[in-house]
Amino acid sequence: MLELRDAAISHQGQRLFAPVSCRIQPGRPVTIMGPSGAGKSSLLAWLTGVLPPGLLGEGDVLLDGHSILALPAHRRRLGILFQDDLLFPHMSVGENLAFGLPAGADRATRQRKVEEALARVELAGFAHRDPLTLSGGERARVALLRVLLSEPKALLLDEPFSKLDLTLRDRFRSLVFQSATHLPVLLVSHDPQDSIAAGGEVVQLRAIHQPGRIS
Amino acid sequence: MRARIAWLALVAVPGVAILAGLVFVLLPAFGYFPALGGTSLSLQPWRDLLAYPGLGSAARATLISALVAMPIALGLALLALAWIAPLGRARTGLPLLAAKFLSWLLATPHAAFALGLAFLIAPSGWLVRIAARVLPIETPPDLLVPHDPYGLSLAAGLVLKEMPFLFFAALTALNQLDAPRMMAIGASLGYQPGLAWFKLIAPRLYALIRLPVYAALAYSLSAVDMALVLGPAAPPTLALLAVDLTHDPDLARRFPAAALALAHLALTLMALGIWRACELFVARALRTLLADGVRSPTLIWRWSAQAGRALAGLGIVFGALAILALPLWSLAATWRFPKALPDCCALAAWQRALPDLWLPFRHSLSIALFVTLLALIGAIAWLQLERFVTHRTRLKGRTIAALPLIVSDVAFLMGVQILLLGLGLVGGWLPTALSHTLFVFPYVLLALADPWARLDPRYERSALCLGASPLRVLVSVRLPLLLPALVFAAALGCAVSLSLYLPTILMGGGRITTLATEAIALSSGGDRRIVGVYGTTLALVIWAGFFAAYWIARRAARPALT
C-alpha cells in the first residue's frame, strides 16, 4: 500500500496546493486531479525523489508502512510512466525492456522474458526494432512493459495518456489498469475521463491563491 | 538559389584550401614539382625518407603518446562531467569550483601550459624541489623527463589539455539529451545515479561529441609545440621531424619532407581507424552491459571510478601547478635548485624581455584580431545562408568546415607552403593570418551555431512583419540578441589564433614571430625567467579576452536568451 500523509510542495515558503492525504490499495487506483500548473508533476517528482532544487516537499510518504523519504530515488521502487514514453533511443526495444528487468539470470532467460512480455501486449517479434520506428501506441506499450518488468512496488502515472489520440487512449488506459491490478496506482491528470477510467478515489488539488499570480 | 550558391562558395573555401594543400604535398612526395626541379614521378623521396634514422621510433612515439592520452582524456572528461554537471548545469560548491578550474585549464594556451608542465616534471623541476623539502635530495635525479623516448610526458600534457576541451564539448552537448528526465526514469527503474548516467547518458553523449574527439585525436598526433617541449628529442615525433625538414636550406629536402608529411597524414588516418575500430568494439561490449539489468556499480565499476578520481585529483594538482609555474618564474629574482619557492620578487626579467616582447606581441594581436573578425563575418554569413539548405547538407558543410581540425594539418599546410614556394611567393603576415583562419573558423562557427539555432524565430518573424528588410533584421534584431554568444565566439577565436604554432611556423616564412612561437623558441635557450615572461604574457592576453567577453556578455544578457 502507498500512503500520502499531508503531502505538499512549497516554493519559497509558499505552498503550491493545500496538503493532500490518501491511501492507495492495489487494484484501487487513486487519481489526483488539478489544473495544469497546480503542482501535480512536482508532487510526483517529490515522491520519486527527484524534486528540483528550489522546491520543498513536506508531509510523509509510506510504502508498505515504511517511510521512503529518506531513501535515494533509485531505492524507492516506485515505477513511473510519463506523458512521453522516454524510451532510450540508444537501445533497441528489447534492450529497453532488459534494462528494466532485474539483474541476474543468463542472457537467454532474460531474452525469453523480454519476448514473452512483448507477446503479452501484441508486440511479439519487436525486440530488435529501433524504438524510433514504432508508432505512438506501440511505444507507450513498450514503456509500460519496461516499468512493469522492473518489479516496482507501486506505479505512478504522470498523465501518460494525454498525448495519445482518442481511440488509442482508451485501449492503452485499460491495458495499464488491467496489468497493474497487483500494484497501488497513483494517477495525476487534468482529464476527468482518466479518473472515471481509473474508477477509484479522486483527490482534488486545490491551488492556493498566490498574490500577483493569475488564477 | 542564389543563397544556396553563396553558401556553397563559403563551404568551398576550407574545402579547396585543404584539397590544394593535399595535392601539393602528394605530387612532391612522389618527386613531381617542376619549380623545385622535380620533373618526373619517382619513389626517390620515399627512399630518402626511409634512410632517415629513427623514423620508426618517431612514428611509434607519435602514435603511443596520442593513443595513450586520448582514452584517458576522454574517460576523465566523462567522469568529471558525471560528477560536476550530470544534468547539464554545474552544481554548486566543489563541483562548480572544479568546473571553473577546468575553464582556466582550457583557456591556457598549449605552448604556455606545456612549458609550465615541463618545468613541473623536469629532474630539476618543481615536483622534485617540493619533494626535496622532506627527502634528502641535493642534486637533480638522473631521469629522462620530460623528453622520454616513448612520448609519455607528451601524453601527460595532452591528457591535461584535451580533457577540459572534451569536458566542455560534452557539457554543451548534454543540453540536447533531456538528461533530467532520463535520469529520473533510470532512478525509478532502480538504477544508482552514477551507473544510470554511464548507461543512459554517456553513450548518447559520446555520439554527439565524436567530432571534437576526432579533432582532439588528430591534434594529439600533430601537436608540434607540445612535442617540442614535452616530446622525445632524438628522434622527435613525426610531425616535428617533418617541420624540421622544411627548415633545411637545401630545397631538394622538400621532397622527402613532403613524403614525410604524407606519411603523417597516413598515420593520422590509421590512428582514426584504430579509434573507430575500438569504438565499434566498445559499442558491442556496451550492448550486453546496457541490457544486463545490473543496477548498482560492481566492484570493477567502483574501482575504475576510484582510479579515475585519483587520476583526476592528480591532474588537478599538476594542471594548477603547471599554470602557476610560468608567472612565478617570470617574477623570480633567483630560484636555485632545491628551493621550492623562488626568491621573490623581481621585475628584472620583465624589464629585460619587454623591448623584444613588443614585436611578437604586435604580431600575435594583429593576426588574432584580423582572423577573428574574418571568421566572425564568415560564420554569420554561413549561418544566415544555412537556412536555405536541408539539414543533411548543413551537417556535411559543417564537417567540411571542421576538416582542418581533423585532417593532418602538417600535411596540408606543408602542401600550401610548397605551393607558395612554387608560385614564387614567400610566407609572411597575410599567409599566416589566412592559414590561422582555417583553424579559427570551425571553432567560431560551432560556438555560434547552437545559440544561433536556439534564438526564438518569432523575434525575426515579427520584425519582418513590421516591414524590416532581412539585412536589417539580421543587424538590428538577431545580432544584438546574440551579442553574448558573439563576444564569446570572438574571445574563443582570438584564443585559438593566439595559441596556434604550426601554421605560423610554416606560413610565416621565418619572418612572423608570435608570443607562442617565441616562447617555444626561447625554451631551448635555458633562461626560464624569460620563457616565463613570454608564456605568462601569452596566457594573460587570452585570459583577458575571455574576461572581456564574460563582462560584456553579462552586461548584455537579456531574459530572451535564457
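These exercises work through a predicted model with chains A and B.

**Exercise 1. Overall form of chain B**

Task: Find how the radius of gyration of chain B relates to that of a compact globule.

Solution: 
- Start with the length. Chain B has 562 residues.
- A compact globule with 562 residues would have a radius of gyration near 24 Å.
- Compare. Chain B has 24 Å, so the value agrees with that of a compact globule.
- Along the principal axes, the C-alpha atoms of chain B fill roughly 65 × 65 × 50 Å.
- Chain B contains 24 helices and two strands.
- Check burial. Of its 562 residues, 46% count as buried.
- Check the contacts. Among contacts in chain B with a separation of 6 or more, 79% join residues 24 or more positions apart.

**Exercise 2. One residue in context**

Task: Decide whether B:Val25 is buried or exposed, and list what it touches away from its sequence neighbours.

Solution: 
- B:Val25 sits in helix H1 of chain B, which covers residues 2-29.
- Count neighbours. B:Val25 has 29 C-beta neighbours inside 10 Å.
- Apply the cut-off. Burial takes 20 or more, so B:Val25 counts as buried.
- List the contacts beyond four places in sequence. They include B:Ala258, B:Ala261 and B:Leu262. B:Ala411, B:Phe412, B:Met414, B:Gly415 and B:Ile418 are also in contact with B:Val25.
- B:Phe255 is 230 residues from B:Val25 along the chain, yet their C-alpha atoms are separated by 8.8 Å.

**Exercise 3. An enclosed helix**

Task: Explain why helix H8 of chain B is described as largely enclosed, and name what covers its buried residues.

Solution: 
- H8(B) runs over residues 179-188.
- Count. Eight of its ten residues are buried, so the helix is largely enclosed by the rest of the structure.
- Name them. The buried residues are B:Ala179, B:Met182, B:Met183, B:Ala184, B:Ile185, B:Gly186, B:Ala187 and B:Ser188.
- Find the cover from chain B. It includes helix H7 (152-174) and helix H9 (193-208).
- Find the cover from chain A. Helix H1 (40-48) and S7 of chain A are part of it.
- Look past the end. B:Gly190 follows H8(B) and has a positive phi, near 95°.

**Exercise 4. The A–B interface**

Task: Work out which element of chain A gives the most residues to the side that touches chain B.

Solution: 
- Count both sides. The contact involves 23 residues of chain A and 21 residues of chain B.
- List the elements of chain A that give two or more residues. They are strand S7 (78-81) and helix H2 (93-100).
- Pick the main one. H2(A) gives the most, with four residues.
- Sort by class. This side of chain A has 14 nonpolar, seven polar and two charged residues.

**Exercise 5. Domains and confidence in chain A**

Task: Describe how the two assigned domains of chain A meet, then find where confidence falls below 50.

Solution: 
- Domain 1 is 1-77 + 153-215, and domain 2 is 89-151.
- Take the spacing. The domain centres, over C-alpha atoms, are 26 Å apart.
- Count the contact. Domain 1 gives seven residues and domain 2 gives eight residues.
- Find the main contributor. On the domain 1 side, helix H5 (residues 166-179) has the largest share, five residues.
- Sort that side by class. It has six nonpolar, one polar and no charged residues.
- Check confidence. Chain A has a mean pLDDT of 91, and 97% of its residues reach 70 or more.
- Find the exception. Residues 211-215 of chain A have pLDDT below 50, and this stretch has two contacts beyond near neighbours in sequence.
- Read with care. Where pLDDT is low, the predicted coordinates should not be read in detail.

Key. Residues numbered from 1 in each chain as written. Chains lettered and ligands numbered in written order. Predicted model: local features only at pLDDT ≥ 70, side-chain atom pairs only at ≥ 80, totals over all residues. Buried ≥ 20, exposed ≤ 12 C-beta atoms within 10 Å, placed from the backbone. pLDDT = per-residue confidence, 0-100. Nonpolar A, V, L, I, M, F, W, Y, C, P; charged D, E, K, R; others polar. Domains from an automatic or database assignment. Rg over C-alpha atoms; globule rule 2.2 N^0.38 Å.
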